[in-house]
Amino acid sequence: MNQKLKQLALKIIDFLRSKHKTLALICGAILALALPPMYQFWAVLVAFSLALWLCMQSNSGKHLAAIGYWFGFGYFACGFYWIGNALLVDVKTTGILYPPVLILNGAVFGLFTILPFWATKFGKNVAAKMCLFIAFWFFSAEWLRSFIFTGFPWNPVSSVLALRPALLQTLAWWGTYGLSMVVILLASLPVMWLLKPTKKRLFWPLLSLFGFVLLWEYGAFVLAHIDTTSSGEEIMVRLVQPSIPQSMKWGKDTAENNFNDYFELSTQKDNRHIDFVFWGETASPFDLTRDEKHRQRLVRAVPKHGYLITGLLRYEITNEGYVPYNSLAVINRKTQVLNLYDKHHLVPFGEYIPLRQYLPEWVHPLTNTVAEFGRGEQFKTITLDGYPEFAPLICYEVIFSDDVVRKEDKPKWMVVLTNDGWYGQSAGPYQHLVAAQMRAVEEGMTVVRSANSGISAVITPYGEVPAKLELGWRGFKDTAVKLDLAHDTWFGEYGNAIPLGMAFGLLLLAWLINKLQSLLQTK
């Protein structure tokens, strides 16, 4: 029986060796299983161990680049599948584009994973290859992806640890990209056993698990020693979540009803104890800076001694016509708009079309359906009498590590307004919430997140979520927010210079390992 199993294993290995690109595609898809909200932890170990195993099977740069591309294709096509759900809101018009968009996600973002696989050709042994792989994964698959073509750093590898806040605590040291490098290192160690599966080499998979246990134990220690005895400032917030279907969000006949829905949920319960009422991104379809009629109706929705913070679409008149802005407004009890924040980091193909003027005429009917939004000031800090200052963010602005708050005179908390209704009951809203949790731990400050259809939540500076409204729920939630939990972090101080230094350290280590290997070979 053992002999038959051994023969079967050898046949499987031989098959895999002959189907490297297929295996790479499968490994990338498997890695996506570890992302929120599935959190299949085993998938991280399998995906990266096999990825390094594949890198050991060839020293051809062209071949390594190909398996890197197909690994990324599988990972991003599966990890970003939910993006296509936006096309299903009007399924008759745009539903046919879902399969091409799914493929396009893999085809475009797969380019970012070519470099780490290709770079392993310069490693003279598995240790050097591992260092090169991890360093270039950071440079290309995560850091470069965060800013090229305005950036889309969604689903960093470190987000696979967000199942438990304890596993996220080292984000305060080295940030999202630094933790991603640690995760890949630990997940890749079992390759040492795969290359030579003996009892002695079981040490490496065990070391991998031990490393993850250390991350857990450190985080558990941090969470257990949070100082909750402080009697510092506490505010009361009301999160309002009407869960309006995206198909009804912008209808001419439904705009008034949607506005009323937010208003009714805000006034169902006495709000005299509330400091802030939060509505989601573009909650008001009316430009409240100009539309006095609708603004005056907000009197009862605004706390007597506090503020309403809402998303809205507003317009500015220029010589070329109207320029729309995706904005956040702070409104007081007198229904005065005290402060505005206009979204700075716009969504490509959603709020503007890159290189629109250079596109051929035949695509203009499609591109003309996307408005060219105005861009606001980056890193704005809003100060209100009697309250700590906060940083406003809209939608996916919260996914950019080390790019959410001003370093000088940092605010005490962050406010994120979003509308994930485009993506329905999919992984997208859960992954978006995790991004906010990661920013909270990195910067050491509370995040208050208000989403039209969920997940609305209060997130502590340690990534814990003491209060939330689940995806698809309709209602409101009143909760206390302890702003005095805010604290300074290494990452908040030095930002992405830390993971950048880690990556260069890995490159130096790879060079030293190669040098040592060359010396050993000459003796």
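**Notebook: aromatic rings and their neighbours**

I began with Lys407, which lies over the face of Phe491 at 5.9 Å from the ring centre. The model I am reading is predicted. I then looked up another charge over a ring: the charged end of Arg314 sits over Tyr325, 4.7 Å from the centre of that ring.

Next I turned to rings that pair with rings. I noted 46 aromatic pairs in the structure. I checked where the two residues lie: Phe48 is in helix α3 (residues 42-56) and Trp137 is in helix α8 (residues 126-143), so the pair ties together parts that are 89 residues apart in sequence. Both Phe48 and Trp137 are buried.

I followed helix α8 to another pair. The ring centres of Phe139 and Phe504 are 5.4 Å apart and the planes stand at 65°, so this pair is edge-to-face. Phe139 belongs to helix α8 and Phe504 to helix α17 (residues 497-522), so the pair ties together parts 365 residues apart in sequence.

Phe504 has 47%, so I wrote it down as partly exposed. The cut-off for buried is under 20%, and exposed begins over 50%.

Last, I looked up a cluster. One aromatic cluster includes Tyr75, Phe76, Phe80 and Trp82. Among its other members I listed Phe109, Phe112, Phe152, Trp154, Tyr396, Phe400 and Tyr423.

How values were computed:
Residues are numbered from 1 along each chain as its sequence is written. This is a predicted model: local features need pLDDT of at least 70, side-chain atom pairs count only at pLDDT 80 or more; totals for chains, interfaces and linings use all residues. Side-chain values use heavy atoms; hydrogens and water are left out. Rings of Phe, Tyr and Trp (its six-membered ring) pair if their centres lie within 6.5 Å; planes under 30 degrees apart count as stacked, over 60 as edge-to-face and the rest as tilted. Helices (H or I, at least four residues) and strands (E, at least two) are DSSP runs, numbered from the N terminus. Buried means under 20% relative accessible area, exposed over 50%, partly exposed in between (1.4 Å probe, protein chains only). A charge sits over a ring if NZ of Lys or CZ of Arg is within 6 Å of the ring centre and within 35 degrees of the ring normal.
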